[in-house]
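Trainee: Could we go through this structure together? I would like to begin with the charged pairs and then move to the packing.

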Amino acid sequence: MTGCVNSGWTYREQVDRSAHGLTVLDYYTQRYRHSSRAEWQQRIQSGQVLLDQAETTPETGLLAGQWLTYQRPPWQEPDVPLNFEVIYEDAELMMVAKPSGLPVLPGGGFLEHTLLWRLQQRYPQTTPLPIHRLGRGTSGLMLLARSPKARAHLSQQLRDRQMHKVYRALAQGNSMPDCFSITTPIGKQAHPVLGYIYAAHPQGAVAQSDCQVLRRDAETALLEVSILTGRPHQIRIHLAAAGHPLVGDPLYTIGGVPMTDRPSVNGKLAVPGDCGYHLHAIHLSFTHPNGQLMTFTCPPPAELRND
């Protein structure tokens with residue numbers, strides 16, 4: 001792990017029709033609730049927020065089509081494990097083993113402490129791009145494309161559900177059947193800090209997780225979970241919806257819904273990027289753009305082994 005101040009970042013976005021007539025302050029306060037109204041007011045007044053490349057005021061009204069720019073100054077990013085193992089690479093694709101705690105993409109206070117940033121530093125000319133995502137607290141296999149052809153080919157397999165993904169999970173409780181499937185729909189739910197997050201939702205998108213019990217302990221069970229769909233946080237939501245949340249999950253509770261009524265251990269409301277749960281991408285199978293069937297396995301951490 002390492003701690004350092006990053007180089008800052010510039011966020012640029014166009015005002016859409018739904019924001020027409022809002023003040024600059026209301027726009028940022030309503031859309032980015034991770035900061036208070038007073039914090040956004042101070043940023044606007046200090047010149048960190050520009051409207052059409054010019055300084056503005058908190059009370060300025062917005063017009064659809066205008067451009068807002070927030071110049072975020074350098075900040076100290078949380079420490080995370082930055083090293084990852086390259087399991088396989090060729091001219092078309094790459095397979096890496098992501099450690100738990102390392103975010104894949106920027107967001108939630110992370111910019112340079114992400115897998116994508118590290119790849120950009122290692123491969124500045126043709127940065128490998130993720131085909132799918134793993135949650136920050138999830139470890140294991142991640143597939144990346146190294147060419148536009150490979151990205152299109154592999155992304156199509158993912159959409160067509162021709163990519164086989166298997167995970168290990170440590171769940172609360174041990175009373176589930178030996179084999180069972182979870183088909184709870186997953187959709188957006190309001191979150192007081194992020195605006196929305198994904199959770200079990202009756203009007204959500206179709207999702208399926210097929211589970212097999214590998215071992216039952218006194219109060220937990222080790223599961224192998226195959227997912228035919230790749231909804232955000234699917235396994236965490238599905239096992240919680242089935243009455244067996246992941247051990248240590250700070251966010252999702254029984255019913256597959258987020259805990260938004262009480263702070264987590266750090267004193268803040270839990271968000272999907274918080275770690276603590278036990279989930280590992282152990283197997284991944286797909287077809288290489290050259291037509292070859294490829295299968296990879298990544299050994300799980302000790303608590304998810306079935307020795």
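This is a predicted model: local features need pLDDT of at least 70, side-chain atom pairs count only at pLDDT 80 or more; totals for chains, interfaces and linings use all residues.

Mentor: Residues are numbered from 1 along each chain as its sequence is written, and side-chain values use heavy atoms, with hydrogens and water left out.

Trainee: How many salt bridges does a search of the whole structure find?

Mentor: The search finds 7. A salt bridge here is a side-chain nitrogen of Lys or Arg within 4 Å of a carboxyl oxygen of Asp or Glu.

Trainee: Which side chain meets aspartate 16 in a salt bridge?

Mentor: That of arginine 31, at 3.0 Å from N to O. Aspartate 16 lies in the loop between strand S1 (9-14) and helix H1 (24-31), and arginine 31 lies in helix H1, so the pair ties together parts 15 residues apart in sequence. Helices (H or I, at least four residues) and strands (E, at least two) are DSSP runs, numbered from the N terminus.

Trainee: What is the relative accessibility of aspartate 16?

Mentor: Aspartate 16 is at 31% and counts as partly exposed, and arginine 31 is partly exposed at 33%. Buried means under 20% relative accessible area, exposed over 50%, and partly exposed in between (1.4 Å probe, protein chains only).

Trainee: Where do aspartate 249 and arginine 236 lie?

Mentor: Their side chains meet in a salt bridge of 2.8 Å, N to O. Aspartate 249 is in the loop between helix H5 (234-241) and strand S15 (252-253), and arginine 236 is in helix H5, so the pair ties together parts 13 residues apart in sequence. Both aspartate 249 and arginine 236 are buried.

Trainee: Changing topic, is threonine 114 buried or exposed?

Mentor: Threonine 114 is buried, at 0% relative accessibility. Threonine 114 sits in the loop between strand S6 (93-98) and helix H3 (115-122).

Trainee: Which residues does threonine 114 touch?

Mentor: Leaving aside residues up to four places away in sequence, threonine 114 touches Leu102, Pro103, Val104, Leu105 and Pro106. Contact means heavy atoms within 4.5 Å.

Trainee: And which residues of H3 are buried?

Mentor: The buried residues of H3 are Leu115, Leu116 and Leu119. They cover an arc of only 95 degrees around the axis, which puts them on the same side of H3. The arc is that of the directions from the helix axis to the C-beta atoms.

Trainee: What do the buried residues of H3 pack against?

Mentor: They pack against S6, strand S7 (129-130) and strand S8 (139-145).
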